[in-house]
Amino acid sequence: MSSTARRVLTGCLFFSGAASLIMEVAWSRKLSLLLGNSHQAVATVVASMMTGLFLGSLLASRRLHRIPNLALGYGMLELGIGIYGALTPLIFTLLGWLLGPVYILPGPVFLFVRFLLVFLVLLPPSAGMGATLPVATAAISVGPSGKSTESGLAGSRLYGLNTLGAFIGTLARGFLLLPGLGLLKTTPTGAAISTAVGGAVWLLSDSLFPAD
């Protein structure tokens with residue numbers, strides 16, 4: 001991978017981290033309205049995100065050898081996250097309708113079913129977010145011979161930039177996006193950033209990220 005391609009992919013991880021946290025915090029706010037309790041909403045989102053990040057990174061690391069073009073695979077992950085994120089307002093509306101009949105269940109059973117439904121809804125994008133870092137790290141660290149070079153150094157840099165992006169995304173969501181755009185438009189904004197990142201990688205895949 002050329003130095004230009006490495007810089008492009010590294011920049012993408014920064015914006016990916018920002019988009020992920022914008023959507024995560026917006027999901028927490030939206031679910032607090034749906035669940036009627038902000039503490040339960042935050043706990044559900046965090047539990048789903050942590051589980052998804054774990055499963056996504058684990059599955060991605062075990063299947064890296066099956067991906068012919070790692071950079072393009074990263075782009076497809078970002079596109080998937082962005083598209084799913086854009087659909088979450090509709091998904092949450094449908095989820096509210098699904099929860100209606102569940103209210104007749106006993107209290108503890110209802111709470112568990114409600115948690116499980118929300119957990120499963122957020123698991124796919126969370127798993128995709130977890131898979132992005134190992135795939136992007138492998139794309140940058142794999143040399144022409146097919147062997148990994150400086151994967152630890154590349155991973156630490158990408159993780160740092162991804163975390164910095166998450167920090168910036170959290171600040172932007174709290175002080176700019178939510179007050180300026182409102183909750184309804186904040187989630188699509190994060191989804192648009194993720195989709196733009198994936199689309200950019202996909203469009204540049206032939207010139208910057210040729211298959212091995």
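Visitor: Which helix gives the largest share of the lining of the largest pocket?
Guide: Helix α1 does, with seven residues. This is a predicted model.

Visitor: Which other helices supply at least two residues of that lining?
Guide: Besides α1, they are α2 (38-62), α3 (70-102), α4 and α5 (151-181). The lining has 24 residues in total. L21, L53, M129, Y159 and N162 lie nearest the centre of the pocket. Its volume is about 450 Å³.

Visitor: What classes of residue make up the lining of the largest pocket?
Guide: There are 13 nonpolar, nine polar and two charged residues.

Visitor: Why is S16 called buried?
Guide: Its relative accessible area is 4%. Buried means under 20%, so S16 qualifies.

Visitor: Where does S16 sit, and what does S16 touch?
Guide: S16 belongs to helix α1 (residues 3-35). Leaving out residues up to four places away in sequence, S16 touches Y74, E78, T132 and N162. The cut-off for a contact is heavy atoms within 4.5 Å.

Visitor: How many aromatic pairs are there?
Guide: The count comes to two.

Visitor: Why is the pair F14 and F15 called edge-to-face?
Guide: The ring centres are 5.3 Å apart. Rings pair if their centres lie within 6.5 Å, so F14 and F15 count as a pair. Their planes stand at 85 degrees. An angle over 60 counts as edge-to-face, so that is the name for this pair.

Visitor: What makes F14 and F15 partly exposed?
Guide: F14 has a relative accessible area of 21%. For F15 the value is 46%. Partly exposed lies between the buried limit, under 20%, and the exposed limit, over 50%. Therefore F14 is partly exposed, and F15 is partly exposed too.

Visitor: Why is the pair F115 and F119 called tilted?
Guide: The centres lie 5.6 Å apart, with the planes at 35 degrees. Stacked needs under 30 degrees, and edge-to-face needs over 60.

Visitor: Where in the chain are F115 and F119?
Guide: Both lie in helix α4 (residues 107-141). They are four residues apart, about one turn of the helix.

Visitor: Is F119 buried or exposed, and how do you know?
Guide: F119 is at 15% relative accessibility. The cut-off is under 20%, so F119 counts as buried. F115 is at 33%, so F115 counts as partly exposed.

Visitor: How do you know that the span of helix α6 agrees with its length?
Guide: Helix α6 (residues 183-203) has 21 residues. At 1.5 Å a residue, they should span 30 Å. The end C-alpha atoms are 31 Å apart, which agrees.

Visitor: Which residues of α6 are buried?
Guide: They are T186, T187, G190, A191, S194, V197, G198, G199 and V201.

Visitor: How many helices and strands does the chain have?
Guide: Seven helices and zero strands. Of the 212 residues, 43% are buried. Among contacts with a separation of 6 or more, 80% join residues 24 or more positions apart.

Key. Residues numbered from 1 in each chain as written. Predicted model: local features only at pLDDT ≥ 70, side-chain atom pairs only at ≥ 80, totals over all residues. Heavy atoms only, no water. Buried < 20%, exposed > 50% of the residue type's maximum accessible area, 1.4 Å probe, protein only. Phe/Tyr/Trp six-rings, centres within 6.5 Å; stacked < 30°, edge-to-face > 60°. Expected span 1.5 Å × (residues − 1). 1 Å grid on protein atoms, 1.4 Å probe; cavity = no way out; pocket = protein on both sides within 12 Å on 5 of 7 lines; lining within 4 Å. Points joined across faces, edges and corners; volume = space filled by probe spheres on them. Nonpolar A, V, L, I, M, F, W, Y, C, P; charged D, E, K, R; others polar.
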